[in-house]
Amino acid sequence: MRKTSDIIWQDAQHQVLFDILDMISEPDSDVEVLRKLREYTEYHFSLEELYMNNLKYPDMKEHIRAHDQFRAEINKLMQQSAAYDSAFKNIVHTFLTEWLTCHVFGIDKRLETFLQLSEVK
Ligand SMILES: [Fe+2]
Ligand SMILES: [Fe+2]
(Lines give C-alpha, C1' and ligand atoms only; values in the text may rest on other atoms or scores of the structure.)
(Ligands and ions follow the chains in the order given, each with its own letter.)
Protein backbone atom coordinates (compact mmCIF):
# COMPACT_ATOMS: atom_id res chain seq x y z
CA MET A 1 0.00 0.00 0.00
CA ARG A 2 1.15 3.45 -0.94
CA LYS A 3 1.91 5.81 1.91
CA THR A 4 1.58 9.54 1.40
CA SER A 5 4.59 10.12 3.66
CA ASP A 6 6.78 8.60 0.95
CA ILE A 7 5.90 11.41 -1.39
CA ILE A 8 5.86 14.19 1.13
CA TRP A 9 9.53 13.67 2.02
CA GLN A 10 10.57 14.42 -1.55
CA ASP A 11 8.61 17.69 -1.76
CA ALA A 12 9.62 18.76 1.72
CA GLN A 13 13.28 18.17 0.97
CA HIS A 14 13.07 20.09 -2.29
CA GLN A 15 11.64 23.00 -0.35
CA VAL A 16 14.60 22.88 2.05
CA LEU A 17 16.98 22.91 -0.94
CA PHE A 18 15.33 26.02 -2.38
CA ASP A 19 15.38 27.70 1.03
CA ILE A 20 19.12 27.09 1.37
CA LEU A 21 19.62 28.34 -2.19
CA ASP A 22 17.86 31.57 -1.34
CA MET A 23 20.26 32.10 1.55
CA ILE A 24 23.07 32.40 -1.01
CA SER A 25 21.74 35.74 -2.22
CA GLU A 26 21.58 37.24 1.26
CA PRO A 27 24.19 40.02 1.53
CA ASP A 28 26.04 38.60 4.54
CA SER A 29 26.06 34.98 3.41
CA ASP A 30 29.38 33.22 3.01
CA VAL A 31 30.72 29.99 1.61
CA GLU A 32 29.17 28.12 4.54
CA VAL A 33 25.86 28.27 2.68
CA LEU A 34 27.37 26.36 -0.22
CA ARG A 35 28.73 23.79 2.19
CA LYS A 36 25.30 23.46 3.75
CA LEU A 37 23.73 23.12 0.32
CA ARG A 38 26.22 20.44 -0.67
CA GLU A 39 25.57 18.53 2.52
CA TYR A 40 21.79 18.66 2.22
CA THR A 41 21.88 17.89 -1.49
CA GLU A 42 23.93 14.80 -0.77
CA TYR A 43 21.46 13.67 1.87
CA HIS A 44 18.54 14.22 -0.50
CA PHE A 45 20.17 12.65 -3.59
CA SER A 46 21.23 9.60 -1.59
CA LEU A 47 17.68 9.06 -0.39
CA GLU A 48 16.25 9.32 -3.90
CA GLU A 49 18.92 6.94 -5.12
CA LEU A 50 18.10 4.49 -2.35
CA TYR A 51 14.42 4.48 -3.34
CA MET A 52 15.30 4.12 -7.03
CA ASN A 53 17.58 1.24 -6.25
CA ASN A 54 15.14 -0.54 -3.95
CA LEU A 55 12.29 -0.18 -6.43
CA LYS A 56 14.41 -0.95 -9.50
CA TYR A 57 13.50 2.35 -11.10
CA PRO A 58 14.00 1.98 -14.87
CA ASP A 59 15.54 5.45 -15.38
CA MET A 60 17.85 5.17 -12.40
CA LYS A 61 21.09 5.46 -14.40
CA GLU A 62 20.01 8.66 -16.12
CA HIS A 63 18.80 10.14 -12.84
CA ILE A 64 21.99 9.31 -10.96
CA ARG A 65 24.01 10.78 -13.82
CA ALA A 66 22.10 14.04 -13.35
CA HIS A 67 22.79 13.98 -9.60
CA ASP A 68 26.47 13.33 -10.28
CA GLN A 69 26.55 16.31 -12.62
CA PHE A 70 25.22 18.53 -9.85
CA ARG A 71 27.70 17.05 -7.36
CA ALA A 72 30.53 17.92 -9.77
CA GLU A 73 29.21 21.46 -10.36
CA ILE A 74 28.87 22.29 -6.69
CA ASN A 75 32.36 20.90 -5.99
CA LYS A 76 33.73 23.08 -8.76
CA LEU A 77 32.02 26.12 -7.24
CA MET A 78 33.39 25.29 -3.81
CA GLN A 79 36.90 25.31 -5.27
CA GLN A 80 36.35 28.85 -6.54
CA SER A 81 35.04 30.01 -3.22
CA ALA A 82 38.00 32.36 -2.69
CA ALA A 83 36.17 34.71 -5.05
CA TYR A 84 33.06 34.69 -2.93
CA ASP A 85 31.83 38.22 -3.58
CA SER A 86 28.36 39.43 -4.51
CA ALA A 87 28.90 38.96 -8.25
CA PHE A 88 29.99 35.38 -7.68
CA LYS A 89 27.05 34.77 -5.37
CA ASN A 90 24.67 36.05 -8.03
CA ILE A 91 26.06 33.71 -10.64
CA VAL A 92 26.01 30.77 -8.24
CA HIS A 93 22.47 31.51 -7.11
CA THR A 94 21.13 31.84 -10.65
CA PHE A 95 22.95 28.81 -11.96
CA LEU A 96 22.03 26.46 -9.09
CA THR A 97 18.43 27.66 -8.95
CA GLU A 98 17.95 27.06 -12.67
CA TRP A 99 19.56 23.65 -12.48
CA LEU A 100 17.57 22.55 -9.48
CA THR A 101 14.26 23.91 -10.77
CA CYS A 102 14.75 22.05 -14.01
CA HIS A 103 15.66 18.84 -12.15
CA VAL A 104 12.89 19.03 -9.56
CA PHE A 105 10.14 19.79 -12.06
CA GLY A 106 11.45 17.41 -14.72
CA ILE A 107 13.29 14.24 -13.83
CA ASP A 108 12.22 14.28 -10.17
CA LYS A 109 8.54 14.61 -11.10
CA ARG A 110 8.84 11.45 -13.16
CA LEU A 111 10.40 9.70 -10.18
CA GLU A 112 7.64 11.01 -7.93
CA THR A 113 4.99 9.55 -10.25
CA PHE A 114 6.82 6.24 -10.23
CA LEU A 115 7.01 6.26 -6.44
CA GLN A 116 3.32 7.04 -6.25
CA LEU A 117 2.54 4.02 -8.40
CA SER A 118 4.90 1.72 -6.54
CA GLU A 119 4.18 -0.31 -3.50
CA VAL A 120 6.40 0.97 -0.76
CA LYS A 121 6.35 -0.79 2.54
FE1 LIG B 1 15.03 15.59 -5.81
FE1 LIG C 1 16.71 13.82 -8.24
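I started with Lys56, and found it in the loop between helix 2 and helix 3 (60-79). I'm working from a predicted model here.

Next I checked the backbone at Lys56. Its phi is positive, about 50 degrees, and Lys56 is not a glycine. I noted that down because most residues other than glycine have a negative phi.

Is Lys56 buried or exposed? I looked up its C-beta neighbours inside 10 Å and got 8, so Lys56 counts as exposed. The cut-off I used for exposed is 12 or fewer.

Then I went to another loop, the one between helix 1 (5-24) and helix 2 (31-54), where I found Pro27. Pro27 has 6 C-beta neighbours inside 10 Å, so I put Pro27 down as exposed too. I also looked up how far Pro27 is from Tyr40: they sit 13 residues apart along the chain, and 22 Å separates their C-alpha atoms.

Which residues make up the largest nonpolar core? I wrote down seven: Leu21, Ile24, Val33, Leu34, Leu37, Val92 and Leu96. At least two residues of this core come from each of helix 1, helix 2 and helix 4 (86-105). Helix 2 gives the largest share, with three residues. A general reminder to myself: in soluble globular proteins, nonpolar side chains tend to be buried together.

Setting aside neighbours within four places in sequence, I found Leu34 in contact with Ile74, Leu77, Met78 and Ser81.

Terms used:
Residues are numbered from 1 along each chain as its sequence is written. Chains are lettered from A and ligands numbered from 1 in the order in which they are written. This is a predicted model: local features need pLDDT of at least 70, side-chain atom pairs count only at pLDDT 80 or more; totals for chains, interfaces and linings use all residues. Helices (H or I, at least four residues) and strands (E, at least two) are DSSP runs, numbered from the N terminus. A residue is buried if 20 or more other C-beta atoms lie within 10 Å of its own, exposed if 12 or fewer, and partly exposed in between; C-beta atoms are placed from the backbone. A nonpolar core is a set of buried Ala, Val, Leu, Ile, Met, Phe, Trp, Tyr and Cys residues joined through C-beta atoms within 7 Å. Two residues are in contact if their C-beta atoms, placed from the backbone, lie within 7 Å.
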